[in-house]
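Please look over the structure shown below.

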Amino acid sequence: MADPMRIRATVVGDSTEVKVLMSHEMETGQRKDAQGKTVPAWFIQSVTATYNGKTVMSAQWGPAVAKNPFLAFKFKGGTKGEKVQITWTDNRGDKRTDEAVIS
Amino acid sequence: MQATKFRRTGRAALAACAAVAMTAALAQVSAVDEIAKYRAALQDGNPAELWEARGEDLWKAPRGPKNVSFATCDLGQGPGVVKGAYAQLPRYFTDADRVMDLETRLVHCMVTQQGYSQADAMKGPFGGPGTKSDIEALVAYVTSQSRGVKMNVPLAHAREKEAYALGEKMFVYRGGTHDFSCATCHGEDGKRIRLQDLPNLMTVAGAQKAYTTWPAYRVSQGELRTFQWRLNDCFRQQRFPELIFTSEASIALTMYLARNANGAAFDAPAIKR
Amino acid sequence: MRKHFLLWGCVGVFAAAVVGCATAQSDVDVSRQAAAVLKSSFKANGQAGLDRLDQDETQRLCTQYANKPLPKDVAEMIEKLNTASIKWPADGKMQGDWKNGEKIAQEGRGKQYSDDPKGPVGGNCYACHQLTPQEVSYGTIGPSLYQFAKLRGYSDETRKYAYGKIWNADAYSACSNMPRFGHSQILTEQQVKDLVALLTDPDSPVNK
Amino acid sequence: MNSRRRNFLQTGGGMTLLTMLAATGWLRPSDAAAADGWNAAAFDTKSMDDTMKALGGGTPVPSKAITFVQTPDIAENGAVVPVGITSAIPNTQSIAILIEKNPNMLAAMFDIPAGTDPSISTRVKMGQSSNIVALVKADGKYYYAAKEVKVTLGGCGG
């Protein structure tokens, strides 16, 4: 089970700024371990952010996104006290959803 | 032959060299500036937070054969008190009759309260690709609770003084194939290794700057690294054998450097290259 | 002059002993204890055995005087000791291939417990020195060596100095921060020659 | 990877594409179920042309309305390179980050729904110094801007 994300959602003017940290190895599939064996690719492929059931950001990633990925974006609107929900899915089919209250 | 050729083209070469030297100097200045920008860009969104969150869960959860949490673990400020504890470590603990740094104290609590064997408690002090270290996560959480707190490491007990004096000596101990001591890299102001600035840890200012910014998320490794790890990896690069986790030397050196950092506000977990 | 210095040194040690309270350990005792604690705090790993903590005479003296001025006679003794250890090339040729030298200067691996004992061993010169102007990622623990021979002259003396200094830096400057690459068998004779070439070959980018 | 094969992959239908990727060992069969709609072909391209083909787009045109923010000229470590991209092109639909000299060029693609700022910030890996290309799709057309980022060696090298 993957570790929870750290999500910060803050109202800035008329928008909500979202910053996310995800716990993930993001293995490229090109690295070799100490025994010289290639470590298989293992990386987040899709990220979706929703607010009030509406998608406010969706992304497709390859293994070139850095380990323990960081993502920041902004969407119009967003009310303090309401929630932003983020889901990622990796190439092994692992999935993780977390949410944060807008402050 | 080469010398003649050199003399003939001497004037042109000289001009070219001057130009190259200037370009190199300019490149150097802008390289340092740009790397400062790179570091600044990383500040926003430090993955160390992921370790802090996991560490907080580990701190609060019942664990070990006795199924108890760290709520009874005294880091020096009373059972279960985490706030500001790291800023006053290492210190002498009466119950253990020795000077302990944070890691040593955590291991002590895991053994005496949670019922782990010494060997199990000492397992995996440092994480790697695919292997997570509980100790590192706990250290991330505990240290994060001293953010903004002024370093105030005690030097009252005779054993604390002894550890400090030993650490001071170890810092200049030369050995290994390369004759390195800690002071080789960290004993002068304003030096760099490759492009990395080297703090002079023998000065208060240098120790403050360095000690208060560990643990740190190392972007080169994608791992949170503790001060224990920092010492361990310095010795590896000094071509010494491997520093034993929670050993007396590692505590003494930590004591020397932490005490020298007294007065500065603790500012970690940080993020470094 | 030297006697004078020693005299003051003795007074200093004496004063420290008197000022410190009766139970305080002497400086020498603390040093001895520190060395003993160090030895119990490490474990052998790979090619780095515990013997790496055993100091030779040079390391011992440089540790002893780390926090105080190095007395002139001690410095001379260290330099003499290390000068005697320099192994000059049998064929008299000091200068190898600067291109290999550049690779050795860039290579940071070797002798660490994490390194493959059969893997490359470098000088890691760029960690501490500026060399070619093309490499902007260089350290400043040692002086810049850019235009090393261009400034000193493309002479036998320059090559001999470079060779000797790389082989054993303590022969020229007691308690140098620089490893004794030849003496401590970090680099081979050929590698030292290649580094000499990097510094002294007129074609080397160091001298451009 | 040649473009003929790329075309084949594109037109070959889902099954064929996945089977072929599995055959190259790049994607294990179990990966197929991973993320819905993940554009496997686009993430396996080695050139700008191939990427454009995989995305089903034409030739992108350079645009000064695409800017890099918080993207340094020099990265101390290629393992983590901050990249921020802002598009001032009206009706920006998506922003992609491409790294010219990486083994596979495409690093990430972001869809920008209406109401979301055409501005994203993330961190990528770079194997070596390279151009970073910001590819923007707006009103169905593609635009780009590029920025060179140098990757330095760090530390003791060991």
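Predicted model: local features only at pLDDT ≥ 70, side-chain atom pairs only at ≥ 80, totals over all residues.

Residues are numbered from 1 along each chain, chains are lettered from A in the order written, and side-chain values use heavy atoms without hydrogens or water.

Colleague: How many residues does chain D give to the contact with chain B?

Modeller: Contact here means heavy atoms within 4.5 Å. Chain B supplies 19 residues. From chain D come 18 residues.

Colleague: Which residue of chain D forms a salt bridge with Arg39(B)?

Modeller: A salt bridge is a side-chain nitrogen of Lys or Arg within 4 Å of a carboxyl oxygen of Asp or Glu. Between chain B and chain D the count is one. The closest N and O atoms are 2.5 Å apart, and the partner of Arg39(B) is Glu76(D).

Colleague: Which residue of β7(A) is the bridge partner of Thr89(A)?

Modeller: Strands are DSSP runs of E with at least two residues, numbered from the N terminus, and two strands pair if DSSP finds at least two bridges between them. Strand β6 (residues 83–90) of chain A runs antiparallel to β7(A), joined by seven bridges. The two form a hairpin with four residues between them, and Gly93(A) in the turn has a positive phi of about 90 degrees. For Thr89(A), the bridge partner is Lys95(A).
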